[in-house]
Amino acid sequence: MIAAQQDCPFTPVYDNIERDDTMTDSIRELTILQPDDWHIHLRDDKALATTVAHAAQSFNRVICMPNLVPPVKNVDDAHAYRARIIQQLQASDLSAERKAAFDPRMTLYLTDNTTANDIEMAAKSGIVQAVKLYPAGATTNSADGVTDINARVDIFEALEKYNLPLLLHGEVTHDHVDIFDREKRFLDEVLAQIIIKFPTMKIVLEHITTSDAADFVLAQGNQVAATITPQHLMFNRNHLLVGGIKPHFYCLPILKRESHQKVLLDVATSGNPKFFLGTDSAPHATDAKESACGCAGCYSASTALPLYATAFDSVGKIDKLEGFASRFGAQFYGLPVHESTITLINTPMQVPTDYPYFDGSSLTPLMAGEMLPWSIKA
Ligand code: OTD
Ligand code: ZN
Ligand code: ZN
């Protein structure tokens with residue numbers, strides 16, 4: 001099915017970025033502290049057989065998004081979901097060392113019915129790392145999200161009190177707002193006011209896609225940070241739309257214009273600890289993406305580090321990868337960095353064209369079949 005790419009003019013990502021070779025040419029290997037993924041969708045049940053093994057290959061901690069059907073709404077749901085993930089981890093053929101290192105951290109899905117008591121229980125649970133706010137209808141499985149954010153002040157008070165971070169899908173969802181403007185409108189119309197009212201609440205603006213979001217985060221105190229995905233560092237809306245619609249680049253928030261991509265690369269590689277790794281790896285079966293109404297989400301769990309390394313190297317900043325991937329997120333969440341390491345090597349790898357998924361379906365990863373200049377050293 002993906003054969004369409006052969007007919008589709010495809011620009012290798014690093015061709016559209018001005019390359020600065022001055023510092024990377026001498027570096028052939030890069031050993032960094034073991035990284036964490038602060039935003040991932042592992043899904044549930046049979047999907048976990050694929051996604052957990054892929055994530056646990058490279059990441060120690062992963063923050064598991066709660067947009068299951070039904071969502072993870074309270075601490076009991078979170079315990080049960082974590083147990084299903086661990087069961088799949090144990091059943092995988094990963095090494096004993098990787099199994100011991102993998103630590104899925106849970107999130108609660110904030111709804112109109114979440115109570116302050118739910119937040120208190122979450123903060124004391126030891127497994128819930130944060131609470132996720134989806135404006136209702138913003139992305140996949142967000143129908144149970146919050147319909148009126150300003151009506152949830154009791155929850156924000158509880159988050160502040162218990163120092164539990166609020167993770168935001170930062171887009172407004174009104175039908176009349178252009179899809180390319182939805183992130184900026186959320187910052188201006190919603191988030192700015194929330195921050196004024198709750199100045200000490202820890203907030204992560206997830207998967208930022210615009211220079212507006214980068215500037216917004218830079219203008220706030222240290223309690224506000226952002227994650228950035230590999231696709232938003234490597235691609236822009238031309239990759240999605242020029243020469244044919246490429247459904248495997250379709251995710252939400254949607255890819256923006258190249259000027260935004262460049263700013264995201266700038267801040268991600270700047271060494272500023274407000275910006276850290278969150279893949280937003282979001283699996284959908286290949287036929288659900290290659291469809292007249294294709295699902296949103298890019299799958300990157302298995303090749304995330306080579307993807308990020310490629311993006312950082314494309315601007316001569318591979319030396320900034322360790323902070324972004326392995327230090328800044330832990331720092332924000334108040335967790336220790338890991339002692340183990342992982343080595344990337346400047347040896348090309350081919351991204352698999354697909355992976356087996358559940359019930360005979362397949363999963364097409366981001367950049368399926370393409371060559372990446374960086375790989376993980378065996
Ligand atoms: N974006 N797809 C999904 C989630 C994310 O907004 C997100 O976090 C998904 O499939 O769960 C997507 O495009
Ligand atoms: Zn989101
Ligand atoms: Zn997500």
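Visitor: How many Å separate the zinc ion (ligand 3) from the zinc ion (ligand 2)?
Guide: This is a predicted model, where local features need pLDDT of at least 70 and side-chain atom pairs 80 or more, while totals for chains, interfaces and linings use all residues. Residues are numbered from 1 along each chain as written, chains are lettered from A and ligands numbered from 1 in written order, and side-chain values use heavy atoms, without hydrogens and water. The separation between the zinc ion (ligand 3) and the zinc ion (ligand 2) is 4.0 Å.

Visitor: Which residues coordinate the zinc ion (ligand 3)?
Guide: Donors are N, O and S atoms within 2.8 Å of the metal (3.2 Å for Na, K and Ca); water is not among the atoms, so sites may look incomplete. In sequence, the donor residues here follow the spacing H-x1-H-x238-D. At 1.9 to 2.0 Å, the coordinating residues are His39 (NE2), His41 (NE2) and Asp280 (OD).

Visitor: What is the geometry at the zinc ion (ligand 3)?
Guide: Four donors count as tetrahedral if all angles lie between 85 and 135 degrees. The four donor atoms of the zinc ion (ligand 3) give angles of 92 to 121°, and the site is tetrahedral.

Visitor: Why is the arrangement around the zinc ion (ligand 2) irregular?
Guide: Its protein donors, His169 (ND1) and His207 (NE2), lie 2.0 to 2.1 Å away. The arrangement is irregular because the four donor atoms subtend angles of 57 to 145°.

Visitor: Which side chain has a polar atom 2.7 Å from an oxygen atom of ligand 1?
Guide: Let's go through some polar contacts (N or O atom pairs within 3.5 Å). For Asn67, the side-chain N or O atom is 2.9 Å from an oxygen of ligand 1. The side chain at 2.7 Å is that of His284.

Visitor: What percentage of the area that ligand 1 exposes when taken alone does the protein bury?
Guide: Accessible area comes from the Shrake-Rupley method with a 1.4 Å probe. Taken alone, ligand 1 exposes 320 Å². The share that the protein buries is 100%.

Visitor: Which residues come nearest to ligand 1?
Guide: A residue counts as near if one of its heavy atoms lies within 4 Å. Of the 15 residues around ligand 1, the nearest are Arg43, Asn67, His169, Leu252 and His284.

Definitions and conventions
A polar contact is a pair of N or O atoms within 3.5 Å; within protein, one must be able to donate a hydrogen and the other to accept it, and residues adjacent in sequence count only if both atoms are side-chain atoms. Four donors count as tetrahedral if all angles lie between 85 and 135 degrees; four count as square planar and six as octahedral if opposite donors are over 155 degrees apart and all others between 65 and 115; anything else is irregular.
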